[in-house]
Amino acid sequence: MSRRPLLVGNWKMHTTVVEACQLAAAIRQGCADLPEERDIMLAPPATVLSEVSHIVHGSGIILAGQNVCWGPQGAFTGEISAVMIQGAGGNAALVGHSERRQIFHEDDAMVNRRLRGGLDQGLLMILCVGETLEEREGGQTLSVLEEQLRAGLSGVSIAQCDRLAIAYEPVWAIGTGLTASGEQAQEVHSFLRDQVTLLYEKNVADQMRILYGGSVKPDNIDQLMAQPDIDGALVGGAALDAASFIRIMQFKA
Ligand code: PGA
């Protein structure tokens, strides 16, 4: 089963309009000579989504919100909706990023609500899951991931799974410079794929893209992408530097 690689740049709370436009233009240029078909997605801050969408228009780059609320509009101060993302030129969103879970205390039920809302409104969604260092050291990695996946996907129909990807992001590897080794990540990715089979069916699991995130850099992307169950990367820090992100997009597996 060959899954189309997906490389995502998550800009987090970085970039003014001017900085975002420069970065997007450089990445667009870097897409021109990608070695083979692969999907590139950028998740800039909501404040620059519209400007970035003009810059990447026609390039095939997919634009995503870094989070999404469940309703189309309403009294939800500080939130953005799928309709707003679409109106600004995006068609995707992340949910359940560990920074949302850890810093802003979003639990599985809220992540699930966001995920279902985004899917119902037509977005391509990325559900992030990952264990903390304490959970890993306590031998709980797989049980934590199983629960995040089960609760996160609750109520998501089999038909919606073709607009869904999963990102495995061990919390201890995010922004720390520590990366899971290719083998460590592969073990978890293969476990997650088995869980998708249990929750849906093998066909769905075979087609589901499972991305790795956590200190992905130009010097580790190739060995990560060489693993059979790693279908892409969710990149934070290295996505803010055009040359680094372009090298990541050009991974050689
Ligand atoms: P990092 O972030 O690449 O800076 O570790 C990854 C992420 O949080 O998506």
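The model is predicted: local features need pLDDT of at least 70, side-chain atom pairs need 80 or more, and totals for chains, interfaces and linings use all residues. Residues are numbered from 1 along each chain as its sequence is written, and side-chain values use heavy atoms, without hydrogens and water.

Select the ligand and its shell. The shell holds 13 residues, each with a heavy atom within 4 Å of the ligand. Lys 12, His 97, Gly 175, Ser 215 and Gly 237 come nearest. By class, four are nonpolar, seven polar and two charged; Gly counts as polar here, and Asp, Glu, Lys and Arg as charged.

Now show polar contacts (N or O pairs within 3.5 Å). A side-chain N or O atom of His 97 sits 2.6 Å from a ligand oxygen. For Glu 169, a polar side-chain atom is 2.8 Å from a ligand oxygen. Gly 237 uses a backbone N or O atom, also at 2.8 Å from an oxygen of the ligand. Taken alone, the ligand exposes 280 Å², and the protein buries 97% of that (Shrake-Rupley, 1.4 Å probe).

Finish at Ser 215. Ser 215 lies in the loop between β7 (209-213) and α10 (221-225); helices are DSSP runs (H or I) of at least four residues, strands (E) of at least two. Is Ser 215 buried or exposed? Ser 215 is buried, because its relative accessible area is 8%, and buried means under 20% with a 1.4 Å probe, protein chains only.

Key: Polar contact = N/O pair within 3.5 Å; in protein donor to acceptor, adjacent residues only side chain to side chain. Buried < 20%, exposed > 50% of the residue type's maximum accessible area, 1.4 Å probe, protein only.
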